[in-house]
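The following note sets out numbered points for a colleague who is reading the structure alongside the sequence. Each point takes up one part of the fold.

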There are 2 protein chains.
Amino acid sequence: MSMPAVEPMNAVVLLSGGLDSATVLAMARQQGYACYCLSLDYGQRHRAELDAAARVAAALGARAHRVVKLDLAAFGGSALTDTSIAVPVDGIEPGIPVTYVPARNTILLSLALAWAEVLAARHIFFGANAVDYSGYPDCRGEFVSAFQHMANLATKAAVEGASLTVHAPIIELSKAEIIQRGTTLGVDYGLTVSCYQADAAGRACGACDSCRLRRAGFEAAGVTDPTHYR
Amino acid sequence: MSMPAVEPMNAVVLLSGGLDSATVLAMARQQGYACYCLSLDYGQRHRAELDAAARVAAALGARAHRVVKLDLAAFGGSALTDTSIAVPVDGIEPGIPVTYVPARNTILLSLALAWAEVLAARHIFFGANAVDYSGYPDCRGEFVSAFQHMANLATKAAVEGASLTVHAPIIELSKAEIIQRGTTLGVDYGLTVSCYQADAAGRACGACDSCRLRRAGFEAAGVTDPTHYR
């Protein structure tokens, strides 16, 4: 395949439109990376997050933002894509929640890997968080390491010796720490949408797990919550 | 996520519509697996292969066949999805060919992993071949092993101890050996399409790398070539 040599400061940033990945983008920008932001339209209920991702990419000076459409709902199995499963609004329960989307992060990272190869980028930024999402297997550091190892065997660039790094800079941070870090970097969290069932205007329900984690994070961080609740 | 217990004989089979994956499906069926076949509509030029996949799934008694649409052409970079890059027809050259699609097998396996999780399947069958496609990094055994390791850290089932196996039963076989194996199992290769630029009726060009490998395989196997050439 005809491709440019390694572009050392190109990075693919997975951008959901939520608070975590917006912070990761700000961190990558501060480190000087030329950021190519990738969002997945996977049939999620909370489509407003894709609009939020576009706003965040523009506000933080991304080089490009691309939305790839993939109908994960074809497989079913998650409250985020299967409308027959209700989004829980009664508080966070232990274990893996019904809002877990099967293999979502593996798929997201695979798509990032594909774009990284085309861009000759050797960096992927990924907003996984093992603290708030302790029930999600694909938010753990050992998963990220295993993906990186696999990715370094998967691509032409890897065959030619240019190693790829998967950065997960907020994986060990609490929500409050993430918000404090992003606030320092000038992230406007009013642009982001975290709610699992935001309305078309991006206004949050305030009751789902994601809203609860977000609101508690702003409180713990001592930062005014700019979320648009309905 | 609410899911059934492990279904030990459920398997997701990646089915391209070509010769290799048809053989893999026949092998999985012979071993008694209930096969859920997955094809990817990734914007490839040779759309006829998706029709072929449906025919092959039906002929070999698959439990289901699903086509997931994903626009890999959005990333560009391959002659199979980027119409500005010509498909080579002058013979096989050393190195990684322009028909290589960035991270395609990683993406395919990730989608198979997602469906496997929903089906409570612990087996994925994958028609990678390291012999004919020696220039493709993601067709090597060490890549398959690394993907399996990552997958076993990625999913809810893995967290709960049910390990997943990625089977690549033809990875070390020559094209002739694959054809002999499939012929023994009753695969009708006239249903399959391998050509990188097949016409809408599935007729092959006879000149691209894939056609050359296929034709040479039938000759070496001593099996009559049932390919529909135009």
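At what angle do helix H6 (residues 175-184) of chain B and helix H7 (residues 209-221) of chain B pack, and how far apart are their axes? The points below begin with this pair; it should be kept in mind that the model is predicted.

1. Helices H6 and H7 of chain B. The two helices pack at an angle of about 65°, and their axes are 8 Å apart. Because angles of 65 to 115 degrees count as roughly perpendicular, H6(B) is roughly perpendicular to H7(B). The crossing in which H6(B) passes H7(B) is right-handed. On the H6(B) side, the residues that meet H7(B) are Lys175(B), Ala176(B), Ile178(B), Ile179(B) and Gln180(B). Their counterparts in H7(B) are Leu213(B), Arg214(B), Ala216(B), Gly217(B), Phe218(B), Ala220(B) and Ala221(B).

2. Helices H1 and H6 of chain A. Here the packing angle is about 45° and the axes of H1(A) and H6(A) (residues 175-184) are 9 Å apart. That angle makes H1(A) oblique to H6(A). The crossing of H1(A) and H6(A) is left-handed. Leu19(A), Asp20(A), Ala22(A), Thr23(A) and Ala26(A) are the H1(A) residues that meet H6(A), where Ile178(A), Arg181(A) and Gly182(A) take part.

3. The sheet of chain B. An open sheet is formed by 5 strands in the order S3-S2-S1-S4-S5, and the pairing is parallel. Strand S3 (64-69) and strand S5 (165-167) of chain B are at the edges with a single partner strand each, so one side of each has no neighbour in the sheet. On average, neighbouring strands are turned by 25° against each other, direction ignored.

4. Strands S1 and S2 of chain B, and the helix on the sheet. Strand S1 (residues 10-14) and strand S2 (residues 34-41) of chain B pair in the parallel sense over 5 bridges. Within this pair, Leu14(B) is opposite Leu38(B) in S2(B). Helix H1 (residues 19-30) of chain B packs on the sheet, where S1, S2 and strand S4 (123-125) of chain B are touched by the helix. The direction of H1(B) makes about 170° with that of S1(B).

5. Helix H2 of chain A. The 12 residues of H2(A) (residues 48-59) should span 16 Å at 1.5 Å a residue, and the end C-alpha atoms are 17 Å apart, which agrees. The buried residues of H2(A) include Ala48(A), Leu50(A), Val56(A) and also Glu49(A). Among the elements that cover the buried residues of H2(A) are helix H1 (19-30), strand S2 (34-41) and strand S3 (64-69) of chain A. Just after H2(A), Gly61(A) has a positive phi of about 70°.

6. Helix H2 of chain B. H2(B) (residues 48-59) reaches 17 Å from its first C-alpha to its last, close to the 16 Å expected for its 12 residues at 1.5 Å a residue. Ala52(B), Ala53(B) and Ala57(B) are among the buried residues of H2(B). The buried residues of this helix pack against H1, S2 and S3 of chain B.

7. Chain A as a whole. Chain A has 7 helices and 5 strands. Along the sequence these follow the pattern β-α-β-α-β-α-β-α-α-β-α-α. Of its 230 residues, 56% count as buried. Among contacts in chain A with a separation of 6 or more, 71% are between residues 24 or more positions apart.

How values were computed: Residues are numbered from 1 along each chain as its sequence is written. Chains are lettered from A and ligands numbered from 1 in the order in which they are written. This is a predicted model: local features need pLDDT of at least 70, side-chain atom pairs count only at pLDDT 80 or more; totals for chains, interfaces and linings use all residues. Two strands pair if DSSP finds at least two bridges between them. Helices (H or I, at least four residues) and strands (E, at least two) are DSSP runs, numbered from the N terminus. Axes are lines fitted to C-alpha atoms, for helices over the stretch in contact, and angles run from 0 to 180 degrees between N-to-C directions. Two residues are in contact if their C-beta atoms, placed from the backbone, lie within 7 Å. The expected span of a helix is 1.5 Å times one less than its number of residues. A residue is buried if 20 or more other C-beta atoms lie within 10 Å of its own, exposed if 12 or fewer, and partly exposed in between; C-beta atoms are placed from the backbone. Angles under 35 degrees count as roughly parallel, over 145 as roughly antiparallel, 65 to 115 as roughly perpendicular and the rest as oblique. A crossing is left-handed if the near helix is turned anticlockwise from the far one by less than a right angle, and right-handed if clockwise.
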